[in-house]
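Hello,

Here is the structure I promised to pass on to you. Have a look at it first, and my notes follow below.

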Amino acid sequence: MKRLLAIFRRDLKSSVREFLLLYIILAPIVIVIGLRFFIPSVNAISFQFALDKSIGETVIAEFEKYGRVELLDGRKAIENRVVKADDIFGVIQNQEDDYVVISQGNEDEGTSTIAQQIIGNMNSEEEALAVTYSDIGAKMSSITIYGASSVILMAIILAGMVIGLNIIEEKEANTMNALSVTPMRKLEFIVGKSLIGLVLPVVEALFVVWILNLQNVHIGMLLTMTLASSLIAIIFGFLIGVFSSNQIAGIANMKFLLLFVSASFIGAVVLPAGTQYFLYWSPLYWSTIGLIKVITNEVTWLQIFQYTLWILGLTILIFLLSAGKIKKGLT
Amino acid sequence: MKRLFGLLKKDFLVAYRGYFFLIMLVVALILVVVTNWLIPEKANLDVKVLYAVEGERTERMNSLLGFLQGAEGSQRLDSKSAVIELMQGDKNTIGVIIREAAEKPVIEIVLQGYENQQSRNALALSLSAAIDAQNIDYSNIENVTLQAVEQPEIPLNKSFVPLMILNEPVMLGFIFLATLIFMEKEENTIRAYLVSPVRIWEYLLSKIIIMAALALISTILITVFTVGIHVNWIMLLAIVTAGSVFGAASAMFIAVFFDNLSKAMIWIISISLIFTIPMAAYFIPSFSPWFITILPTYDLMFAIREAIYPAGNPQIFYQSFITLTIINAALYIMSIALYQRSLLRD
């Protein structure tokens, strides 16, 4: 235990000395603070209209009910704005006081008539429908849910990367050889190195939940998912360290790892449920599903147990397949 | 020129031995497989409408029901409680409950809870326009389309290709170039150039050229094996070159401030993440806050799309290309000055 903690302390010191640990801790926190500012903008997504300044206060007020309004000077300025990359509809009035709706031509089919509908609605004297609103109380938008889960996953992977970079550093400094003639056993070395990969994600997951003010998240479930997911990141960290003879090779291997992580996350979020069985082999797919459900508070302990079982089963399989290589690489 | 070729040969060998070419090929292959066989051609990513009629169905509801039935991904359910139950399981849904009161259809729009007032108003307006299509007066409206180009529908899996090109070939240089520079810093080969006839601008240019070459090969492979050969190649290769030079020049600029890769690692990862933020706007074109549009990768992403799927908007290509060229020149000149200063200081 003493030796184990000594390795943990040494890794911590080495990382702090090069500011690496500080950056790794700060990166998800900075991103999540950025996300906190980003979320209101995404939640406020609505239509965009470029209106001629001279169009009149009533018309401007009417368009502001449905989206963001930019006031520009004349038809040319509006046309220049409409051809930019985003979707925005231009509206001017011609000499006969008729409205001219200017579009680029590549707008989403479902939204292409909104400007005409607003003008048509202004022309109508009677409301066609009586509309009431209610909601089911889901105050968390998709961006909050996926943003929080992706940052936690990122913290888990970054912690694995720290392990990988530390091992590469040991190899480059030839300290591995020195360690092999000490009383330290290989298992102690592995567990000692892994501690940082368990502690960091847990601390960061708690920060993410606190910064995003996710009050309904069950902390026990969150920590269970984070710890289970950290195990696979630790193995990846060791594999990166073992397979990379120098930092360049380490970065190259991380590139593959990030591809694997993003494919698992994007697949779990974007792919229709019926086609997600393509991703069942990826432990990070189960981590994504579990984290999303923990954040939305739509999960039971039984489901957490199932997801954890998947993650642990696949992690053990990957460990068994790579144990020989890791052992050999650490020699 | 001879010195530049010598440097190019050396950087090519370093990149080859560092498995850069192999990684680029494997990543391209994975993306081709993912695009062609894993992402479905069709999937409804739009908000789905779940609706139910309460009480008697009347004739006045017909146009509204016809509109809802025709909406892609919509689903009719038996009751409001069934609508709410399904909505709780799928955040990408809204509910519409239709009933009749005082000889007029009354609709209750059931939302998730985080939608803003403008979205609520627009939704009500669309439903209102659907039910009252004949009575709304569109006579005083002239429609002008600036760039009407008949564009075939792009399958969902192929629509990801511009994003993949932005994320992989273009941003590849950002990470690879940083590792190349740090390797030479740690091995002190960079200092050897101080006493050799090699100029610093040649040293940096050679690395940028290697990164651009990697990006171009990767782009060609991904494009040919996913979209095919019918794209605007001149536009695509030009914008990918400008984009990869931007990635490489940015990495070069950042690398000068750090001694080794460990110290720079998080900056490299964070900045590459910032550069990919505009991808959030790809499927939501009306989402364009200033902090996204000021990033050069925002226009770059749409310029790549224009090159692959022309929509009659070449301005976006010219705008992005010119902006990137100016930024690249500035980053390159600043990097030369900073590297010279840093070498002399050491």
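Helix H4(A), residues 74-82, lies across E1, E2, strand E3 (89-93) and E4 of chain A, and runs at about 170° to E3(A). For that angle, axes are lines fitted to C-alpha atoms, for helices over the stretch in contact, and angles run from 0 to 180 degrees between N-to-C directions. Two residues are in contact if their C-beta atoms, placed from the backbone, lie within 7 Å. Helices (H or I, at least four residues) and strands (E, at least two) are DSSP runs, numbered from the N terminus.

Before you go further, please keep in mind that this is a predicted model: local features need pLDDT of at least 70, side-chain atom pairs count only at pLDDT 80 or more, and totals for chains, interfaces and linings use all residues. Residues are numbered from 1 along each chain as its sequence is written, while chains are lettered from A and ligands numbered from 1 in the order in which they are written.

Back to chain A. Helix H3 (residues 57-64) of chain A also lies across strands, namely E1 and E2 of chain A, at about 145° to E2(A). Those two strands, E1(A) and E2(A), are paired in the parallel sense over six bridges, where pairing requires that DSSP finds at least two bridges between two strands. Within this pair, A:Ala50 has A:Glu70 in E2(A) as its bridge partner.

Which strands make up the open sheet here? The order is E2(A)-E1(A)-E3(A)-E4(A)-E5(B), five strands with mixed pairing. At its edges are strand E2 (67-72) of chain A and E5 of chain B, each of which pairs on one side only. On average, neighbouring strands of this sheet are turned by 25° against each other, direction ignored.

Inside chain B, strand E1 (residues 48-53) and strand E3 (residues 93-101) pair in the parallel sense over six bridges, with B:Leu50 opposite B:Gly95 and B:Val49 opposite B:Ile94. E3(B) pairs with strand E4 (residues 104-111) of chain B in the antiparallel sense over seven bridges, and B:Arg99 has B:Val106 as its bridge partner in E4(B). The hairpin of E3(B) and E4(B) has two residues between the strands, and B:Ala102 takes a positive phi near 50° in it.

As for the contact between the chains, chain A gives 71 residues and chain B gives 79 residues. Elements of chain A that each supply at least two residues include helix H2 (20-43), helix H6 (142-172) and helix H10 (247-270). The chain A side divides into 37 nonpolar, 24 polar and ten charged residues; Ala, Val, Leu, Ile, Met, Phe, Trp, Tyr, Cys and Pro count as nonpolar, Asp, Glu, Lys and Arg as charged, and the others, Gly among them, as polar.
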